[in-house]
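I'd like to walk you through a structure, one piece after another. Please have a look at it first.

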Amino acid sequence: MSAGRERWGTRVGLILAMAGNAVGLGNFLRFPVQAAENGGGAFMIPYFLSLLLLGIPLMWVEWSLGRYGGVRGHGSTPGILHAIWNSRVAKYVGALGIFMPFVVMVYYTYIESWSLGFSLLSLLGAFPDEGGIAEMSHFLAAYQGAELHESSMFGNVDAGAFIIPGLAYGFFLFTLGINLWFLHRGLRGGIEKVALWGLPALFVFAVVLMVRVLTLGTPDPTVPENSVIQGLGFIWNPDLSALTNPGVWLAAAGQIFFTLSLGMGSIHCYASYLSERDDVALSGLSTAATNETAEVIMGGTIAIPAAVAFFGVAATTQLAGAGAFNLGFVTLPVIFQQLPAGDLLGALWFFLLFIAGITSSLAMGQVVVAFLEDEFGLSRSRAVGLLGIVLLVCTQPVVLFIEYSYMDELDFWAGTFGLFVFGAIELILFAWVFGIDRGWAEIMKGADIRPHPIFRFLLAWVTPLLMTAIFLTWTWVNAPDVLLMRDVAAVDRPFVLGARLFLLAALAFLLYLIRRAWRGRPG
Amino acid sequence: MTVGGWILMLVAWGAILGLTSWCILKVVRSGWRH
């Protein structure tokens, strides 16, 4: 089975594709907000510790699991876990590694299309010139179809209880189409090409925006405390008392987990297209380092410092508190509108987010394609076609119920909770079921660097215990409120329940597919 | 921005840029095309 599997064209293409998978909206929006809210510079101490103890070891685990499975003809986690764990349930546990990328892709592609849409709208000078944050919030809501707008530009259709967002829907169809087209072009001809062009472009755009923000100085000389240096201080000034707060440590570990796309299933899938003697140690470390450059250096220097320079620390705290998403889609466009060539800067910003998005969504889509190809013997064209039809159907409620927390619910279970669950499970399987001796040998096989043996000890004991502790604490803190819908408005509850039904149905269907795929096979 | 903030920022940037450059060098030396 493995003889016919595709291979990456170049190692640099693979590393950039993996980095593209990891670099997403979170690098530029979630990280600076997390840092500012959790002790500023002091946040970086647990952040870097988490990178060392959790991020890099788990990155090596997922790379080596992927290569191990790929050599045996499996690019998705049901087959990979079945290969390392001789149990009838292994393949069903692995369902999570397809379930999460699929569900996340259902809403992520839509958000990705907003970045593309806003990039073009900014370039065309379509953003409101006046009215500041309030007017831009209305503009975003109208684009999403969360409210009607006097402008006919959006092409929204009032469908009674819901609004069908015309322009946003057009951009969504286009974005889904190009995702499917690149997936159809295959590993070398599609995904690797996007990474080889997209990642360097993303870094160039980010450097341009960084330089622009760092040269903002004090935009309003009458308010000298609102400056870009104060903005950097907002992120980096250490509040050491924050280190005694367990929540800060949890936030740092969570950020490392999300930013490296761990516990998702997509790293395994990309690594499955390696040969048995290909290095995973250096390539995995390079992926993590590239992601950290995009996050700490670039992500930390654009959104928050610019917001502080224009609106001050107090207002930025409020804006950041309204969500990282608002910071990117509302606050930054308003800032760029006030700068020379602001439309171009806005277009660059949103196109940067679009590249970050598409390189991640391709990784998610490839997981499903690999599952259909490897386990059902489907051709790539048929696998991509099926994925496209199912995504198109499943995204409809996301588009229509955007104002009713439907998407937030999907994001919580598949994009947050599920990652912790699967990350903890795969680590325990790797260290204690597959065995740390075999696991460590797998990481060292073909390695171009020799990871220090301390990582072997970390993988056997510290990382699994840390991962389990984080998962349990995080669940304890967050799950009851979410399960009981304590923070959900009454009007949103039917939609939240609908999202849960969809999640259950998707998981049940996936388990059924796995059962069918393994019919007649041992185990 | 405080002195502590500057120190933390520069140390973090230095560590990340150092690690990334080291990785790039290693990848180039061990063959970036294969």
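Let's start at helix α19 of chain A, residues 436-444, where the buried residues are Gly439(A), Trp440(A), Glu442(A) and Ile443(A). Looking down the axis of α19(A), these buried residues fall within an arc of 155 degrees, so they line one face of the helix. That arc is taken over the directions from the helix axis to the C-beta atoms. "Buried" here is a count: 20 or more other C-beta atoms lie within 10 Å of the residue's own, while 12 or fewer makes a residue exposed, anything in between is partly exposed, and the C-beta atoms are placed from the backbone. Helices, for their part, are DSSP runs of H or I with at least four residues, strands are runs of E with at least two, and both are numbered from the N terminus.

Before going on, a word on where this comes from. This is a predicted model, in which local features need pLDDT of at least 70, side-chain atom pairs count only at pLDDT 80 or more, and totals for chains, interfaces and linings use all residues. Residues are numbered from 1 along each chain as its sequence is written, and chains are lettered from A and ligands numbered from 1 in the order in which they are written.

Back to our helix. Which residues sit on the face of α19(A) turned away from its buried side? Asp437(A), Arg438(A) and Ala441(A), which are exposed. The buried residues of α19(A) are covered by elements of chain A including α4 (44-71), α13, α18 and α20 (454-483). Contact, by the way, means that the C-beta atoms of two residues, placed from the backbone, lie within 7 Å. Just after α19(A) comes Gly446(A), with a positive phi of about 70 degrees.

One of those covering helices, α18, deserves a stop. Helix α18 of chain A (residues 406-433) has 28 residues and reaches 37 Å from its first C-alpha to its last, close to the 40 Å expected at 1.5 Å a residue. The expected span is 1.5 Å times one less than the number of residues. α18(A) also has a kink of about 45 degrees, centred on Gly418(A); the bend at a residue is the angle between axes fitted to the seven residues ending there and the seven starting there. Just after α18(A), Gly435(A) takes a positive phi of about 100 degrees. In the loop between α17 (380-400) and α18 of chain A we find Ser405(A). Phi of Ser405(A) is near 65 degrees, a positive value in a residue other than glycine. Is Ser405(A) buried or exposed? Buried, with 21 other C-beta atoms within 10 Å.

Ser261(A) also has a positive phi, near 55 degrees, and is not a glycine either. Its place is the loop between α11 (246-259) and α12 (266-271) of chain A. Ser261(A) is buried, with 28 other C-beta atoms within 10 Å.

Next, helix α21 of chain A, residues 493-517. Its 25 residues should span 36 Å at 1.5 Å a residue, and its end C-alpha atoms are 36 Å apart, which agrees. Phe495(A), Val496(A), Ala499(A), Leu510(A) and Ile514(A) are buried in α21(A). They pack against α5 (77-84), α6 (90-93), α7 (96-123) and α18 of chain A.

Now for the core. The largest nonpolar core has 188 residues, and Ala307(A) and Leu352(A) touch the most other members. Such a core is a set of buried Ala, Val, Leu, Ile, Met, Phe, Trp, Tyr and Cys residues joined through C-beta atoms within 7 Å. Helix α16 of chain A (residues 342-376) gives the largest share of this core, 21 residues. Ile358(A) is in α16 of chain A and counts as buried, with 25 C-beta neighbours inside 10 Å.

Finally, the partner chain. How many residues of chain A are in contact with chain B? There are 24, and they meet 20 residues of chain B. On the chain A side, α13(A) gives the most, with nine residues. Chain B has one helix and zero strands, and of its 34 residues, 18% are buried.
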